[in-house]
Amino acid sequence: MVFGRLATKSNIVSAFALSAALMTPAIGNAAEVTLRSADGTVDLVGEFVEFTDNNYVIRTGLGELRISASRVRCEGAGCPNFDAEGADVRIAGSDTVGEGVMPLLLAGYAGSLGAEVTQTATVTSGQFLAEMVGDEGFGDPLGAYMVTSTSSNDAFTTLLDGSAEVGMSARRIRPDEARALRDAGAGNMISPTQEHIIAVDSLVVITHPANPVQSITMDQLRAIYRGAITNWADVGGDDAPIILFSRDADTGTSDVFNTGVFGDEAPSLPTSATIVTDNNEMAASVNADVNAIGYVGYAFQRGASALTLVSDCGISMAPDAFSARTEEYALQRFLYLYTREDTQDETATEFVNYVASNQADVVIAKAGFIDLGIDRKEQALESDRAQQLLDPSADAYEGGFMREMLSQMVNYDRLSTTFRFRTGSQELDLRGRLNLTRLAEYLETQPAGTEVLFVGFTDDVGAFDSNRTLSIGRAEQVMAEMQSFAGSRLSGIQMSSVGYGEVAPSACNTSENERRINRRVEVWIKPA
């Protein structure tokens, strides 16, 4: 395999040595193979001739054809065999991460190193090999990364049995998985050095673009996936049967959907539901049937119509990037990479550090996911929140604080950076610690004299005045941590804090997860 257009003889030898360690032809060249693309648009059959310059060469009735290995997967006994054990870094787990963003992350990482990367689909479905060569393909091999995309569950089973150095997950590790890995000597899997949040994702409920339904209540969504509602007319649509699509219960996508919609007690799917294998198949299935409904990761909508969700207490939740970054969308999730403490090597660690840094934000956004960067939004009098604060039925005492908040709010934009806390605690969670770094970097770009307001809120458990006092303390705590973390870097930024307790909830207060969303400190910034 030759990397680069004008590789020298010595570099050709180096690149060939790397590839030879990872690829061995299975049998003789006369065997028939099929070259198949992931989306099914390419399906070529012929005799395997050779694999060269990251191209499959096959002999067909039309002569010899060269097909880029980045576009197709080879199927058949004659295909070259890529040995995962020979890779420097083995990455396994969620197809949402592996297929949706990992190819671009590896390309971005190669670019940050000034390297050229060659990505080749293997004979295994959902698997590819990325090989990096320094000096834009003219230097030495820098590493080979084997990525295997299956499910989030496999992120932790492969870390446990040692068949992967990095696990990809579209959900957070479960306590039993963390304990099993800890007992196997893998360390504390939820420590910042082993649990790496790389992106935010919303699970978007999708319908066919021609479906007139634009929003749906959570109660209606639950009824649809229980099989209690089977006709679109029952949710404001046409008189037509609802064609239901879902994912296998073992996937991280299904886990996040069921938890967000049903809580801890997800029912069995109706027998009429069709199970699809991944996000791409889900989007294709829904786009092919005007009466279909399903759910996909934010990056996989592919022209389908995304429904606005309405919470049980009437709060509308748009499936947009701002709502995902603030964690105020019901089906929001983080995407993670996990590593073991006892087997971390330099090649894997440097790649994971790149993925978790702001250098990867552009790549993550290009893949269609939501990076951890900071978004800014005007807080206008016409907004849903402003209308909530103008509620004429509010208690007179609490209504006074609502009006006070409104008069202050309209003078500031809101940043997507949002800090959250455990019940009764003023200690920041893992995301909060990451937010300190991102917020400091953002505020460094603002002009001297910029006014920033840290605004505290709570859930509705407890007395109103006690909650307001707690919210003030939390806002002051976050402001102090920000000032301590940034030091003199933000000496030109004017910071202050205020708390409004349980006023203006971002979610209902009927479950622990919803109350967690309401225990927050927002960051407001005054326009120049």
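This is a predicted model: local features need pLDDT of at least 70, side-chain atom pairs count only at pLDDT 80 or more; totals for chains, interfaces and linings use all residues.
An open sheet is built from five strands in the order β5-β4-β3-β2-β6, and the pairing is antiparallel. At its edges stand β5, covering 63-68, and β6, covering 73-75, each of which pairs on one side only. From one strand to the next, the twist of this sheet averages 45°. Within the sheet, strand β2, made of residues 32-36, is joined to β6 by three bridges, and the two strands run antiparallel. On the β6 side, arginine 73 is the residue that stands opposite arginine 36.

Another open sheet contains three strands, arranged as β14-β19-β20, and its pairing is mixed. Here the edge positions belong to β14 (215-217) and β20 (316-317), which each pair on one side only. Strand β19, residues 308-310, is connected to β20 by two bridges in an antiparallel arrangement, and valine 310 faces serine 316 of β20 across this pairing.

Strand β9 (residues 116-121) and strand β10 (residues 127-133) run antiparallel and are joined by six bridges, with alanine 121 standing opposite phenylalanine 128 in β10.

## Helix packing

Two packed helices are described by the angle between their axes and the distance between the axes.

| Helix pair | Angle | Distance between axes |
|---|---|---|
| α4 (residues 152-161) and α5 (residues 175-183) | about 15° | 10 Å |
| α3 (residues 102-112) and α10 (residues 346-356) | about 105° | 10 Å |
| α6 and α7 (residues 252-262) | about 125° | 10 Å |

For α4 and α5, packed at an angle of about 15°, the description is roughly parallel, because angles under 35 degrees count as such. The crossing of α4 and α5 is left-handed. On the α4 side the contact is made by Asn153, Phe156, Leu159 and Leu160, and on the α5 side by Glu177, Ala180 and Leu181. Sorted by class, the residues of this contact of α4 with α5 comprise five nonpolar, one polar and one charged.

The pair α3 and α10 packs at about 105°, and the two helices are therefore roughly perpendicular to each other, since the range for that term is 65 to 115 degrees. Their contact draws on Met102, Leu105, Leu106, Gly108, Tyr109 and Ser112 of α3, together with Glu350, Phe351, Tyr354 and Val355 of α10. Seven nonpolar, two polar and one charged residues make up the contact of α3 with α10.

Helix α6, residues 218-226, has a place against a sheet as well as against a helix: it lies across β14, β19 and β20 and runs at about 80° to β14, while it packs against helix α7 at about 125°. In the contact between them, Met218, Leu221, Arg222, Tyr225 and Arg226 of α6 meet Phe257, Gly260, Val261 and Phe262 of α7. By class, the contact of α6 with α7 holds six nonpolar, one polar and two charged residues.

Definitions and conventions:
Residues are numbered from 1 along each chain as its sequence is written. Side-chain values use heavy atoms; hydrogens and water are left out. Two strands pair if DSSP finds at least two bridges between them. Helices (H or I, at least four residues) and strands (E, at least two) are DSSP runs, numbered from the N terminus. Axes are lines fitted to C-alpha atoms, for helices over the stretch in contact, and angles run from 0 to 180 degrees between N-to-C directions. Angles under 35 degrees count as roughly parallel, over 145 as roughly antiparallel, 65 to 115 as roughly perpendicular and the rest as oblique. A crossing is left-handed if the near helix is turned anticlockwise from the far one by less than a right angle, and right-handed if clockwise. Contact means heavy atoms within 4.5 Å. Ala, Val, Leu, Ile, Met, Phe, Trp, Tyr, Cys and Pro count as nonpolar, Asp, Glu, Lys and Arg as charged, and the others, Gly among them, as polar.
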